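Reader: I have just opened this entry and would be glad of a guided tour. Could we go through it together, step by step?

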Protein chains: 2
Amino acid sequence: MNEPQIAEPEPLRALIQALRRLPGVGERSARRMAYHLLQHDLVGADQLSRALEHATTALQHCQRCNGFTVQTICETCANPRRDPALLCVVETPADQNMIEATHGYRGLYYVLMGRLTPLEGIGPDALQFDRLLERAGDGQVQEVILATNFTAEGETTAHHLAEMLSSQGLKVTRLARGVPAGSELEYVDPSTIAWALMERRAT
Amino acid sequence: MNEPQIAEPEPLRALIQALRRLPGVGERSARRMAYHLLQHDLVGADQLSRALEHATTALQHCQRCNGFTVQTICETCANPRRDPALLCVVETPADQNMIEATHGYRGLYYVLMGRLTPLEGIGPDALQFDRLLERAGDGQVQEVILATNFTAEGETTAHHLAEMLSSQGLKVTRLARGVPAGSELEYVDPSTIAWALMERRAT
Ligand SMILES: [Zn+2]
Ligand SMILES: [Zn+2]
């Protein structure tokens, strides 16, 4: 397995192993990162060490939306100008950012922090769907907008959530599928065009 | 530039920025890494934080070979069974590992911790070539084997070092270029074959 033949000093080996826990980082990248930090960016290494320590101790999950926050309730959930009748469900904080970037949504959010991935053992329990159910049933939410990704796992998650939430009498909607704005049909994949055809609307 | 529209909590933003300092890690990867650590691997985050702190404080450069070590002189340099007449110059500790893996070398090493990269301002001074010169001139070294990479930068580095070291009366050699063991000529690039032809030897 390409084991180093000379004994790497223990602190170096430990750093490489720790870097390997990052998603998408293999042995070779981890070693390259370690050399880089030790040789060229001791300030960056120190900064990263402190940032990890600070983030893991200071951040918690917002009790209302499950996003990361330094308070009990995050700024978005605490904002009185947000419409409490709309609850948008996203997979990650990055997805929430993308929706915020549209400046077209003034409701609240719920962040799943994942998606149903049965093959990895991530089911409704692991994602704490009961917490979302409780949040959506606060009496103020009128509509739950499912904004999970349009991938197989995201669709499965949306399907599961739609059944669970509508069985509680909640109105459940899903982001529209269709041709991306600004794109030429020639370069759009056929299944997207098929959806856009099915969901065509009067002009 | 795809700026997040909601205020990310400061510890999360700081963590993402710190992760971006790792080589090959952009904004999107850094965010994915941060979410992963915070959501799924707090133990890994803690481990990485400590490993960084430990490595940056415990590791130093070996006074003889310039590799990383926790002592003043590393285990390899301190090994009396190593042949002090041979000094192999490599770019990184990873290259040193590869040569050790051959079990065909019993001499000592010098680790440049880089290569000449004039475009990035990395010249002979930045790489402390004077330290190598001093090391190679200890009176025991009979031959310096240049094992920098066979890339443009590695070749430039080797060329520069060859001139510098041979002007001091040292015997300087370079790893042989040629067709990789076990490879079919059909799949070897032409310049490699050209080198192998020029450096052909009697059987
Ligand atoms: Zn919140
Ligand atoms: Zn050494």
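This is a predicted model: local features need pLDDT of at least 70, side-chain atom pairs count only at pLDDT 80 or more; totals for chains, interfaces and linings use all residues.

Reader: Is B:T192 buried or exposed?

Author: B:T192 lies in helix α8 of chain B, which covers residues 190-198. A residue counts as buried when its relative accessible area is under 20%. The value for B:T192 is 18%, so this residue is buried.

Reader: Which residues coordinate the zinc ion (ligand 1), and what is their arrangement?

Author: The zinc ion (ligand 1) is held through the SG atoms of A:C62, A:C65, A:C74 and A:C77, at 2.2 to 2.3 Å. Along the sequence these donor residues follow the spacing C-x2-C-x8-C-x2-C. Four donors count as tetrahedral if all angles lie between 85 and 135 degrees. Here the four donor atoms subtend angles of 105 to 117 degrees, so the arrangement is tetrahedral.

Reader: How many residues apart in sequence are the parts that A:C65 and A:C77 tie together?

Author: Both A:C65 and A:C77 are buried. A:C65 sits in the loop between β1 (60-61) and β2 (68-69) of chain A, while A:C77 belongs to helix α4 (residues 75-78) of chain A, so the pair ties together parts whose separation in sequence is 12 residues.

Reader: What are the protein donors of the zinc ion (ligand 2), and what is their arrangement?

Author: The donors are the SG atoms of B:C62, B:C65, B:C74 and B:C77, which lie 2.2 to 2.4 Å from the zinc ion (ligand 2). In sequence, the spacing of these donor residues is C-x2-C-x8-C-x2-C. The angles subtended by the four donor atoms are 105 to 117 degrees, which makes the arrangement tetrahedral.

Reader: Are B:C62 and B:C74 buried or exposed?

Author: A relative accessible area under 20% is what counts as buried. B:C62 has 0% relative accessibility, so it is buried. B:C74 has a relative accessible area of 8%, so B:C74 is also buried.

Reader: What is the strand order of the open sheet in chain A, and which are the edge strands?

Author: This open sheet has four strands with parallel pairing, in the order β4-β3-β5-β6 (chain A). A strand at the edge pairs on one side only, and in chain A these are β4 (107-111) and β6 (171-174).

Reader: What is the bridge partner of A:L87 in β4(A)?

Author: Strand β3 (residues 83-90) of chain A runs parallel to β4(A), and five bridges join the two. Within β4(A), A:L87 has as its bridge partner A:L108.

Reader: Which helix of chain B packs on the sheet?

Author: In chain B, too, an open sheet of four strands has the order β4-β3-β5-β6, with parallel pairing. Neighbouring strands of this sheet are turned by 25 degrees against each other on average, direction ignored. The helix that packs on the sheet touches β3, β5 (143-146) and β6 of chain B, and its direction makes about 165 degrees with that of β6(B). This helix, residues 152-166 of chain B, is α7.

Reader: Which residues touch the most other members of the largest nonpolar core?

Author: The largest nonpolar core has 58 residues. A:L15 is in contact with residues of chain A and chain B, including A:L38, B:L48 and B:L52, leaving aside its neighbours within four places in sequence. The residues that touch the most other members are A:L15, A:L19, A:L22, B:L15, B:L19 and B:L22.

Methods:
Residues are numbered from 1 along each chain as its sequence is written. Chains are lettered from A and ligands numbered from 1 in the order in which they are written. Side-chain values use heavy atoms; hydrogens and water are left out. Two strands pair if DSSP finds at least two bridges between them. Donors are N, O and S atoms within 2.8 Å of the metal (3.2 Å for Na, K and Ca); water is not among the atoms, so sites may look incomplete. Four donors count as tetrahedral if all angles lie between 85 and 135 degrees; four count as square planar and six as octahedral if opposite donors are over 155 degrees apart and all others between 65 and 115; anything else is irregular. Buried means under 20% relative accessible area, exposed over 50%, partly exposed in between (1.4 Å probe, protein chains only). A nonpolar core is a set of buried Ala, Val, Leu, Ile, Met, Phe, Trp, Tyr and Cys residues joined through side-chain atoms within 4.5 Å. Contact means heavy atoms within 4.5 Å. Axes are lines fitted to C-alpha atoms, for helices over the stretch in contact, and angles run from 0 to 180 degrees between N-to-C directions.
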